[in-house]
Amino acid sequence: MQGLIIVLFIAIFVIIFVASGIKIVQQAQTMIIERLGKYNRTLDSGINIIVPIFDQARPIYWRYKETDISGSEYIKQVLTKKIDLREQVFDFPRQNVITKDNVTIEIDAMLYFQITDPVKSTYEIANLPNAIEKLTQTTLRNVLGELDLDECLVSRDVINTKLRSILDEATDKWGVKVNRVELQDITPPADIQKAMEQQMRA
């Protein structure tokens, strides 16, 4: 009887051990596997076999937009073991930017990007979402700081193209491809808006 219990225990342990070595990766996702703390391989979509205990999936930071019970949206940043290879969109909070002629404007921007090299995005940067956000904000300030208010308002396509080019080059070492940058809204101060409206009426 005791021998049967031992055999049953061993069988259950083997089943759990084997099952923990099976990793199912969804289409358009991947996982970075480390063996004893060192990069081993990148898993493709489908069923993959790893060595339990020795092989571990390396987590990375990712961010999601979620809605609370009151209906308000907020950004949640978490550690996840699966890397999404689909095109992502980051909608940044509105920020103040000072133009070349010292006018403070509010900018609402969106960034469309895609991870092209999961290994670089895991090992070349500690917190990819945070790095992309800070880089985008800094680049926005630099690009718009070289333009007058009038240029900012009428040259949106030119600004988008320039931003995309700069960000794409900067994020290449992180294994990220920046596809588009969209300035959704450029809001001048209220007094300048009023002056512009009066000028248009005149």
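Threonine 99 sits in the loop between β10 (95-98) and β11, where helices (H or I, at least four residues) and strands (E, at least two) are DSSP runs numbered from the N terminus. The model is a predicted one, with local features needing pLDDT of at least 70, side-chain atom pairs counting only at pLDDT 80 or more, and totals for chains, interfaces and linings using all residues. Residues are numbered from 1 along each chain as its sequence is written, and side-chain values use heavy atoms, with hydrogens and water left out.

At 3% relative accessible area, threonine 99 is buried (under 20%; exposed is over 50%, partly exposed in between; 1.4 Å probe, protein chains only). Setting aside residues up to four places away in sequence, threonine 99 touches Ile105, Leu144, Gly145, Leu147, Asp148, Leu149 and Cys152 (contact: heavy atoms within 4.5 Å).

As for nonpolar cores (buried Ala, Val, Leu, Ile, Met, Phe, Trp, Tyr and Cys joined through side-chain atoms within 4.5 Å), the largest holds 33 residues, and Ile107 and Ile132 have the most contacts inside it. Elements giving two or more residues to this core include β11 (104-115) and α3 (128-144). Apart from it lies another core of 6 residues, Val25 and Ile33 among them.

Strand β2 (residues 29-35) is mostly covered, with 5 of its 7 residues buried. It pairs antiparallel with β3 (residues 38-43) over 5 bridges (pairing takes at least two DSSP bridges), and isoleucine 32 stands opposite threonine 42. These two strands make a hairpin with 2 residues between them, where leucine 36 has a positive phi of about 55°.
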